[in-house]
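Work through the following exercises with the sequence and the structure side by side, and try each task before reading its solution.

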Amino acid sequence: MILNTTLLPSQQLMVGFKFLASGSFQQVVDYTIKVHRRTVSRAITRVTRAILKLRKEFVYWPIPEQCAAIALETYEQNDFPYVEGVIDGTRSKILKPENHEVAFVSRKDFHSINVQICGNDRLMI
């Protein structure tokens, strides 16, 4: 484990994305990149806050006029009336958590979390 490490912004971004994409725990990221847990925690916090600052630019619900246009377009292209978007989900496998382990066991008897996403027919989230 490397102590007193300062990560470059690009490294912090990679650490944050690795954590968010892995569906794992922070200690797995610490161990994988061999950087102290506090350094990883700070990087994850910074990346998460940066993403949240951008959320209004990339994640939004359409205004009523856009909803009507989306519903009409979806009907014309797919013959589905009154559809403004779709939602889908999946169970993503995770490592066995140390706390509340039973809460993460799926009906197929593996540890997982439920991940959902909303989008439209143009693959916009």
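Helices are DSSP runs of H or I with at least four residues, numbered from the N terminus. The model used here is a predicted one.

**Exercise 1.** Find the helix that holds L13, and decide whether this residue is buried, partly exposed or exposed.

*Solution.* Begin with the position in the chain, where L13 is found in helix 1. Next, take its relative accessible area, which is 39%. Buried means under 20% and exposed means over 50%, so L13, at 39%, is partly exposed.

**Exercise 2.** Which residues make the nonpolar surface patch, and which helix gives the largest share of it?

*Solution.* The patch is made by L13, F17, L20 and I51, and its area is about 350 Å². Helix 1, which covers residues 9-22, contributes three residues, and this is the largest share.

**Exercise 3.** Describe how the buried and exposed residues are arranged around helix 1.

*Solution.* First list the buried residues of helix 1, which are Q12, V15 and G16. Because they cover an arc of only 95° around the axis, they lie on the same side of helix 1. Then turn to the face directed away from this buried side, where the exposed residues M14 and A21 are carried.

**Exercise 4.** Locate S112 in its strand, state whether it is buried or exposed, and identify the partner of its side chain.

*Solution.* S112 is found in strand 2, which runs over residues 112-119. Its relative accessibility is 1%, and therefore S112 counts as buried. Finally, the side chain of S112 makes a polar contact with the side chain of R91, at 2.9 Å.

Definitions and conventions
Residues numbered from 1 in each chain as written. Predicted model: local features only at pLDDT ≥ 70, side-chain atom pairs only at ≥ 80, totals over all residues. Heavy atoms only, no water. Patch = residues over 30% accessible without salt bridge, like charges linked within 9 Å, V, L, I, M, F, W, Y side chains within 5 Å. Areas by Shrake-Rupley, 256 points an atom, 1.4 Å probe, with all protein chains shown as cover. Salt bridge = Lys/Arg side-chain N within 4 Å of Asp/Glu carboxyl O. Helix = DSSP H or I, 4+ residues; strand = E, 2+ residues; numbered from the N terminus. Buried < 20%, exposed > 50% of the residue type's maximum accessible area, 1.4 Å probe, protein only. Arc of directions from axis to C-beta. Polar contact = N/O pair within 3.5 Å; in protein donor to acceptor, adjacent residues only side chain to side chain.
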